[in-house]
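I opened my notebook beside the structure today. These are my entries on what I looked up.

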Amino acid sequence: MVASDPETRHAGADAARTDGPLAGVPVLVKDNLCTVDYPTTCGSRILEGWTSPYDATVVKRLREAGAVVVGKGNMDEFAMGSSTEFSAYGPTRNPYDLARVPGGSSGGPAAAVAYGLVPVALGSDTGGSVRQPASFCGVFGLKPTYGRLSRYGLVAFGSSLDQVGIFARHAGDVALAYASLAGPDPFDATSRSGAAPDVSAWDASVEGLRFGWPANLWAEGVDPAIVDALKRAAAALERAGAVRVPMHFMPGTYGVAAYYLVATAEASSNLARFDGVRYGRRVSSGDLGALYTRTRSEGFGPEVQRRILLGTYALSAGYYDAYYLKAQRARTLIRREYAERFGHCDVMLMPASPTLPFRLGEKTDDPLAMYLSDVFTIGANLAGIPGLSVPMGLTREGLPVGVQLLGPEDAEPALLRAGRALEVGGDRARLARTHVTEFAWPTKR
Ligand code: GLN
């Protein structure tokens, strides 16, 4: 079966149902999800022009639900980044302010939903790449529980952290896509067994739902507009009958460090397959060693090379115990800390990002500043738990601002209910009346 075979290329489209739950819905998928009918580049030169011979399971399920996959979304190369500026094909811009980034690494899908090009898009979230761009673009972004959406056909970055995620303008649309995609997949050994949680009651009341309020997290270093959004969100949840549980929570101290060791270690191993022999670009050379090195040094961009170097170092003999093993231990502690907190609340409210969308070029020369964009999102990946970014309107300057809800494993139904309550501002009467909120659309320029 090869991609150029017309039978194969149209197999996906032929499978589309006209009576499925997503019948006729145009969906964009991030360019690290394999599709038989479009090239899959991962935002990298090394895969330029490569087309997968098979569809990712989530793409297959989209088509089976009747959705029409209308294109691929731009991304930071191999999903490494927080701004989509590391795409080899140029950056994506924030539709609300073209001088600013849409977040990343799933900036393309997030911007497409914000701009109204598609109502639903898929991204991937290894350390926040769905939730942070969702927040920067003023849309919903769900990172499901690890293993709930199949990773088969998602080009691997950090396999123990990667999850396919969903962007949409409304909580109900996230729920609809989740219900069509979630569930075990025999092609993915890490997919969770058993049926995925039922999210059909996404608009049910949040009466009595306990939401954690770890205010110490935003005591410093968080943009005041985001703190304001958190307060508005808490007030709205309370109006809708949810109960605030103030708590002290400090999961972030070693989170960023642990994440950047685990993610780079796994990436250095996962990216070894791009060698100029098996996939994509080949820079021919007289001897095999030179073919490998020239293909990889010319095919991978600077951020990907930085990660491969970091990861290879962390895994090398003599350093393995000091770095990789220690990071895994920190990860276990972080997991436990989240589990302990969720003994006291059903969901937790926190920032999705410490900042509003930043300007293009602002952080590209400072990898550490870029890495700190993930301080509030990576915990969920390390712990394997679900998180939902919820848009909270625009700032006075017209920039989107959002908040994040986290929950324990399989808490997607509670996250969506709380997200829905925020969508309608906690107003039960309005909730009964409408399915549509008043989003300000980005201004056309
Ligand atoms: N920004 C983070 C990174 O660069 C997260 C990326 C992601 O979730 N794919 O690793």
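I started with Thr 84, which is buried, with a relative accessible area of 0%. Buried means under 20% relative accessible area, exposed over 50%, and partly exposed in between (1.4 Å probe, protein chains only). I found Thr 84 in the loop between β2 and α4. Helices (H or I, at least four residues) and strands (E, at least two) are DSSP runs, numbered from the N terminus. Thr 84 is not a glycine, yet its phi is positive, near 65 degrees.

I noted what I was working with. The model is predicted: local features need pLDDT of at least 70, and side-chain atom pairs count only at pLDDT 80 or more, while totals for chains, interfaces and linings use all residues. Residues are numbered from 1 along each chain as its sequence is written, and side-chain values use heavy atoms, with hydrogens and water left out.

Next entry: the rest of that loop. Phe 78 also lies between β2 and α4. I read a positive phi of about 50 degrees for Phe 78, again not a glycine. Phe 78 is buried, with a relative accessible area of 3%. Ser 105 sits in the loop between β2 and α4 too. The peptide bond from Gly 104 to Ser 105 is cis, with omega near 10 degrees.

Then I moved on to α4 (residues 107–114). How many of its residues are buried? I found 8 of 8. Among them are Pro 109, Val 113 and Ala 114. The cover over these buried residues includes β1 (26–30), β2 (68–73), β3 (120–125), α5 (131–137) and β5. Gly 116 follows α4 and has a positive phi, near 85 degrees.

I looked for cores. A nonpolar core is a set of buried Ala, Val, Leu, Ile, Met, Phe, Trp, Tyr and Cys residues joined through side-chain atoms within 4.5 Å. The largest has 111 residues, and Phe 78, Ile 166 and Leu 349 have the most contacts inside it. Helix α7 (residues 224–239) gives the most to this core, with 8 residues. Another core, of 14 residues, lies apart from it, and includes Leu 28, Ala 110 and Cys 137.

Which residues of α7 meet α14? I listed Ala 233, Ala 236 and Leu 237 in α7, against Ala 418, Ala 421 and Leu 422 in α14. Contact means heavy atoms within 4.5 Å. The axes of α7 and α14 (residues 412–423) are 9 Å apart, at an angle of about 100 degrees. Axes are lines fitted to C-alpha atoms, for helices over the stretch in contact, and angles run from 0 to 180 degrees between N-to-C directions. The two helices are therefore roughly perpendicular to each other. Angles under 35 degrees count as roughly parallel, over 145 as roughly antiparallel, 65 to 115 as roughly perpendicular and the rest as oblique.

My last pair was α8 (residues 255–270) and α11 (residues 321–341). Their axes come within 9 Å and cross at roughly 125 degrees. So α8 and α11 are oblique to each other.

Gly 158 counts as buried because its relative accessibility is 0%. Leaving aside neighbours within four places in sequence, Gly 158 is in contact with Thr 126, Glu 266 and Asn 270.
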